[in-house]
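Subject: A structure for you to look at

Hello,

I am passing a structure on to you, and I hope you enjoy looking through it. Have a look at it first, and then read on for my notes.

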Amino acid sequence: MGDTILEVRNLKKYFKSPRGMVHAVDGVQFSIERGQTLGVVGESGCGKSTLGRCILRLIEPTEGEVIFEGRDICKLNKRELKELRKDMQIIFQDPFSSLNPRKTVLEIISEPIIFNKLMKGASKAEIENRVLELMDTVGIAERLINSYPHELDGGRRQRIGIARALAMNPKFIVCDEPVSALDVSIQAQILNLLKKLQKEMGLTYMFITHDLAVVHYFSNDIIVMYLGQIVEKAPSEILFNNPLHPYTKALLSAILVPKVGGNKDSIQLRGEVTSPIDPPDECRFAKRCDYRCEACEAGNPPLLEVEPNHFVACHCIKPGENLLKEREGYVSAG
Amino acid sequence: MTAVTQKQGQSATLASRRYKKKSGFVESWNRLKTNPGAMFGLIVLIIMVLLMIYSFLFITKDDVMAINSGNRFKPPSAQHPFGTDSMGRDLFKRTIYGTRYSLTVGFFSVAFGFIVGVFFGTIAGYFGGWVEEIIMRVSDVMASIPGMLLGMVIVAVLGPSFLNLLIAIGISNISGFVRMARASVLSVKGSEFVEAARAIGMSEIRIAFSQVLPNSISPLIVTATARIATSVLAAAGLSFIGFGVPVPLPEWGALISDGRNYLSLAPHLTLFPGIFIMLVTFACSLLGDGLRDALDPKLKQ
Amino acid sequence: MIDESTTNSEVVLEVEDLVVHYELKNETVKAVNGVSFSLTKGRSIGLVGETGAGKTTTALAIMNLVPKPPGVIKSGTIDVCGYKMLELKPKQLEKIRGKEISMIFQDPMTSLNPVIPVGDQIAESVRLHENVSASQAYDRAVEMLELVGIPGERAGEYPHQFSGGMRQRVLIAIALACNPRILIADEPTTALDVTIQAQVLNMINDLKKKFGTALIMITHDLGVVAKMCDDVAVMYAGRIVEKGTLEDVFNDTKHPYTEGLFNSLPDISKKGTDLKPIPGQIADPTRLPEGCAFAPRCRYATDACREKPPTIHQISPTHFVECTAYDDPGFHIEGWQNHG
């Protein structure tokens with residue numbers, strides 16, 4: 001415990017758009033322990049993918065610090081960044097656009113090795129053996145070494161994407177919706193593979209997804225995002241057993257369980273996600289919240305630790321008091 | 001069992017040699033083969049190239065330049081398949097000799113425009129910002145001048161010669177490729193494999209040319225083929241109005257220009273070079289259409 | 001439940017031995033290979049399966065909308081409220097589609113015409129099927145919009161002014177405008193966020209009850225099935241491998257594939273249990289094996305499974321399973337860690 005591999009402080013990413021500033025990521029703060037998995041959940045447009053890319057500096061953050069093993073990666077120069085990227089990798093959502101259609105499996109997996117001179121002085125055969133080893137690790141048959149991505153199905157393509165990331169021997173991997181484009185039976189294969197790799201190689205994951213059942217299965221800690229901000233952060237068990245933020249509650253109750261009679265009453269949220277363009281200074285969830293009051297319009301609520309390790313950003317929930325419970329119409333989600 | 005020895009690394013043959021690699025080129029060629037129009041175009045072009053090689057080997061400059069005043073305006077015959085011209089020169093030999101001008105102008109002017117245009121177009125599309133702004137505005141200016149006029153100006157400044165003709169048409173080809181390359185790069189640039197390349201630490205310029213460009217090249221090849229046709233026409237046009245290959249040399253446009261004075265007396269003087277120009281442009285267009293289908297990965301099934 | 005289905009058993013849809021292939025240049029995609037099921041008034045059936053299971057092709061065949069070529073309907077009959085769909089002429093089909101049977105698609109972004117206001121799009125579908133004036137049709141359109149939870153005054157707006165969830169509501173309004181007896185919903189919420197999915201599903205359920213519409217729910221999500229359906233048909237490689245009531249299939253799972261699907265899902269109520277995925281790849285519909293299509297991935301498969309087509313076994317009056325292993329009366333699957 002206490003071995004923090006990554007710490008993110010007050011990270012912001014604003015995009016210019018014709019209608020104003022898009023606050024894609026707006027003051028996000030968290031840390032991940034080595035060998036753990038942090039789940040990031042939220043609906044489309046909540047900024048979770050942008051967050052993942054900012055951490056790898058695939059997108060330049062507008063403001064804030066990303067400290068990886070003691071170094072702020074936002075301050076690194078090009079050469080240092082290239083060095084650092086061996087340690088931080090990403091797996092993408094879409095197995096159909098994340099692989100270069102003009103390259104073979106061998107080329108795709110060996111590219112990071114050759115390009116970063118990870119095996120200096122190695123012969124072609126040695127590099128190829130390393131590729132075969134990686135293919136074996138992720139479970140792709142040797143005979144597919146010369147195949148092109150379009151000849152393979154989604155599950156195999158995703159395995160190649162994982163092998164490419166592993167080729168650098170990373171310590172930390174951002175998984176950006178790695179299974180949401182896959183069929184159920186293939187999804188489980190990939191999830192098990194990622195779990196196995198974590199155990200064997202001591203990897204740290206940041207697991208971005210919209211699928212709550214998957215994130216629950218996979219993560220130690222979970223962050224719930226809404227419109228670029230963290231609304232709730234807690235260890236997975238606590239979050240699922242005792243969700244506090246009204247948005248988290250609605251999300252959890254919207255999960256459809258594959259059980260007869262398992263989906264009786266869900267909390268229905270009004271309306272849809274509001275625009276992330278120049279949001280007013282109030283609770284961003286207020287417009288859809290059943291518990292809103294005047295306080296909710298008085299500024300953006302800070303993320304507070306209301307019980308050990310459980311953080312919530314809601315004007316109505318403070319350490320030791322939960323005003324939501326006192327309000328009328330309160331229905332327990334559990 | 002072989003797999004085990006492979007993994008030990010004592011293999012005699014590499015795994016990548018033991019499993020067949022389906023080359024994209026072979027697949028595209030197989031699709032192209034089934035397209036009769038494209039195959040017709042390809043065969044015509046091959047014949048043209050063979051004729052050009054023949055002319056290099058067997059037709060001397062004297063053959064096509066020597067004046068024979070006793071032999072003027074002969075209609076086509078066994079001895080002179082295309083007849084003779086106003087100076088008694090054999091038109092068949094002159095036309096065949098002319099392939100070297102038309103084909104080289106067509107090929108090299110497009111190659112020139114392709115290399116320069118695709119280079120700048122890729123940079124504009126991939127990097128965006130002020131770089132793109134400058135490249136695109138310059139290309140707009142070039143595109144706003146009609147190709148023929150631009151050719152005339154360039155030849156007028158540099159003087160009429162075959163090389164200058166080639167440069168003139170090459171320059172007028174650039175802006176088209178800049179736009180095509182930019183549009184094509186833009187459509188590929190957002191793919192996740194580009195981000196993946198960035199995540200393994202590749203430099204931007206390398207990503208642009210080793211990852212993005214190969215994926216946007218198909219439509220450019222198609223355009224290039226079609227462009228050969230227009231370039232051949234442009235060369236003929238410039239020669240026709242006297243801005244191309246210097247007069248006695250038998251460039252096709254010059255041949256037509258020469259023959260136009262005797263249109264009623266000896267129509268074959270314009271007819272045969274005209275047919276050759278038509279065949280080459282037609283063949284290029286057909287081949288271009290065929291390539292578009294053959295190179296489209298969406299039609300892979 | 002059983003009483004209700006026997007007293008109110010007006011059959012609105014009957015699909016019999018449907019076989020649909022796509023004949024491409026160098027290969028034949030065997031999309032649907034002998035599918036039979038029926039649907040009674042007001043009930044809902046879920047067609048569950050993964051990519052390439054033939055769910056969407058089945059739905060398109062029911063509407064007689066399979067693109068031909070390359071699609072070829074090899075055999076089968078489809079009876080929609082007494083009409084033989086596969087034998088009708090285009091003119092007659094147009095009358096039935098939208099009136100007796102409607103369909104909504106997965107992608108709400110491309111299913112609406114971007115240059116026509118949504119109100120007019122709904123009204124148009126009303127006027128196609130009912131002899132009403134333009135203003136009556138428009139009134140109906142506004143009424144439908146309010147029914148799906150969109151303020152009537154937005155009828156004059158264009159599709160791009162609506163969000164994804166709203167567009168899916170508009171599509172549902174169009175589909176239900178003429179009060180069809182059957183609604184086919186093809187992955188209607190897959191493109192939507194979870195909270196919006198909950199809204200849309202609840203709305204479909206309410207409307208279904210209100211109008212007594214029979215529903216065919218096509219989905220890969222067993223949670224959606226549990227919420228929406230009375231009956232379930234699990235499809236694999238173009239065949240229904242298990243069919244029964246929701247309780248039959250979910251609580252008394254018989255087919256190894258169905259079992260595998262359940263085992264592939266993380267269980268939200270239990271952490272730490274490992275997923276047991278189905279090994280291998282989804283069957284390639286251009287190269288189906290001779291015997292049972294699932295045999296290469298099935299842990300119970302025997303030589304008999306690989307050699308001859310699977311046999312159908314009736315477990316109860318409502319529950320059917322297509323699996324050779326049940327030839328042996330002692331056979332049972334290991335069962336998934338039931339969470340009931």
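This is a predicted model: local features need pLDDT of at least 70, side-chain atom pairs count only at pLDDT 80 or more; totals for chains, interfaces and linings use all residues.

Chain B

The C-alpha trace of chain B spans about 85 × 55 × 30 Å along its principal axes. Of the 301 residues in chain B, 43% are buried. Among contacts in chain B with a separation of 6 or more, 69% are between residues 24 or more positions apart.

The buried ones are B:Glu192, B:Phe193, B:Val194, B:Ala196, B:Ala197, B:Arg198 and B:Ala199. What lies over them comes from two chains: the cover includes α9 (162-189) and α11 (204-240) of chain B, and also β6 and α5 (154-166) of chain A.

The sheet in chain A

That brings us to chain A, where β6 belongs to an open sheet of 8 strands. The order is β6-β7-β8-β3-β9-β10-β12-β11, and the pairing is mixed. β6 (88-91) and β11 (304-307) of chain A stand at the edges with a single partner strand each, so one side of each has no neighbour in the sheet. From one strand to the next, the twist averages 20°.

Within this sheet, I would point you to β10(A). Strand β9 (residues 221-226) of chain A runs antiparallel to strand β10 (residues 229-235) of chain A, and 6 bridges join them. Along this pair, A:Asp221 has A:Pro235 as its bridge partner, and A:Ile222 stands opposite A:Ala234. The two strands form a hairpin with 2 residues between them, and A:Leu227 in the turn has a positive phi of about 45°. β10(A) also pairs with strand β12 (residues 310-312) of chain A, in the antiparallel sense and over 2 bridges. There, A:Lys233 has A:Phe311 as its bridge partner. Is β10(A) enclosed or left open by the rest of the structure? Because 6 of its 7 residues are buried, β10(A) is largely enclosed.

Chain A is divided into domain 1 (4-225) and domain 2 (243-326). Taken over C-alpha atoms, the centres of domain 1 and domain 2 of chain A are 29 Å apart. Where they touch, domain 1 of chain A brings 12 residues and domain 2 of chain A brings 11 residues. On the domain 1 side, β2 (20-33) and α7 (212-218) of chain A each supply at least two residues. β2(A) gives the most to that side, with 5 residues. By class, the domain 1 side has 6 nonpolar, 4 polar and 2 charged residues.

Chain A also meets chain C: 33 residues of chain A are in contact with 38 residues of chain C. On the chain A side, α6 (184-201), α7 and α9 (246-253) each supply at least two residues. α6(A) gives the most, with 7 residues. The side of chain A that touches chain C divides into 15 nonpolar, 12 polar and 6 charged residues.

A few local details

In chain C, look at the loop between α2 (55-62) and β4 (71-80), where C:Pro69 has its place. C:Pro70 lies in the loop between α2 and β4 of chain C as well. A cis peptide bond joins C:Lys68 and C:Pro69, with omega about -20°. The bond from C:Pro69 to C:Pro70 is also cis, with omega near 10°.

Further on, C:Cys81 lies in the loop between β4 and β5 (83-84) of chain C, and its phi is near 50°, a positive value in a residue other than glycine. C:Cys81 counts as partly exposed, with 19 C-beta neighbours inside 10 Å.

A:Lys117 also has a positive phi, near 50°. A:Lys117 lies in the loop between α3 (105-115) and α4 (124-138) of chain A, and A:Lys117 is exposed, because 9 other C-beta atoms lie within 10 Å.

Best wishes

How values were computed
Residues are numbered from 1 along each chain as its sequence is written. Chains are lettered from A and ligands numbered from 1 in the order in which they are written. A residue is buried if 20 or more other C-beta atoms lie within 10 Å of its own, exposed if 12 or fewer, and partly exposed in between; C-beta atoms are placed from the backbone. Two residues are in contact if their C-beta atoms, placed from the backbone, lie within 7 Å. Two strands pair if DSSP finds at least two bridges between them. Helices (H or I, at least four residues) and strands (E, at least two) are DSSP runs, numbered from the N terminus. Axes are lines fitted to C-alpha atoms, for helices over the stretch in contact, and angles run from 0 to 180 degrees between N-to-C directions. Domain bounds come from an automatic or database domain assignment. Ala, Val, Leu, Ile, Met, Phe, Trp, Tyr, Cys and Pro count as nonpolar, Asp, Glu, Lys and Arg as charged, and the others, Gly among them, as polar.
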